[in-house]
Amino acid sequence: MTPRLSFLAATLLLAACADHYTPVTFRTEGDQIVASGTIDHTTLSAFEEVMDENPGIKTLVLQNIEGSVDDDSNVVFSRVVREEGFNTVVPSNGLVASGGTDLFLAGNRRVLEPGACVGVHSWGGGGYVAAELPEGHPEHDRYLDYFADIGVDPDFYWFTLDVASEDEMHWMTASEANRYDMTTSAAPKLGTAAICDER
């Protein structure tokens, strides 16, 4: 996957062939753990390893988390991030989208730096298209339960289903991020769609 590939093209590529992606890797930079890649079933064990090696670090920088290929693994990993007391940061040149955005919300303190890219969309898979399911359908529960547990307004979940289909991406504005209290202080101006698609 080249750095100049648009995010939508990258998302479609992941969907078409889940074997071709880069799993999340972690590295330490000073008092921060920096993460990049796609969340899968290996992410939690890699995170636990870097936590064990750096027990004093409680800031997780999400440099480029494009999403996940396994939503269940993503929710489990994100819950651990919250339980371990991590703060989450998307830097000015960073990007979170789809499951990466759900991960960002796990932070006890959440920071979006000016120019950060935050993408959301509906989900689809396993024969389901989320936006077509009635609100009471049990397939929504994985996400609604997670958001309830970390204190995120359930309206945010329904917003993600409505704002873009599963094969599109909506790049959030600061006003949208503030509407759903995504950060623990007011969000600054975020990256534009043109910038985020290139990133």
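1. Strand E2, which spans residues 32-39, is mostly covered, with 7 of its 8 residues buried (buried meaning under 20% relative accessible area with a 1.4 Å probe and protein chains only, exposed over 50%, and partly exposed in between). Helices (H or I, at least four residues) and strands (E, at least two) are DSSP runs, numbered from the N terminus. The model is predicted, so that local features need pLDDT of at least 70 and side-chain atom pairs count only at pLDDT 80 or more, while totals for chains, interfaces and linings use all residues. Residues are numbered from 1 along each chain as its sequence is written, and side-chain values use heavy atoms, with hydrogens and water left out.

2. On one pairing, E2 runs antiparallel to strand E1 (residues 25-29), to which 5 bridges join it (strands pair if DSSP finds at least two bridges between them). Arginine 27 has valine 34 in E2 as its bridge partner. E1 and E2 form a hairpin with 2 residues between them, and glycine 30 in the turn has a positive phi of about 60°.

3. E2 is also joined by 7 bridges to strand E3 (residues 59-68), and these two run parallel; here glycine 37 stands opposite isoleucine 65 in E3. From E2 the chain crosses through helix H2 (residues 43-53) to E3 in a right-handed β-α-β crossover (with the strands pointing away from the viewer, the path from the first strand over the helix to the second runs clockwise).

4. Histidine 140 lies in the loop between strand E9 (128-129) and helix H5 (141-150), and counts as buried because its relative accessibility is 0%.
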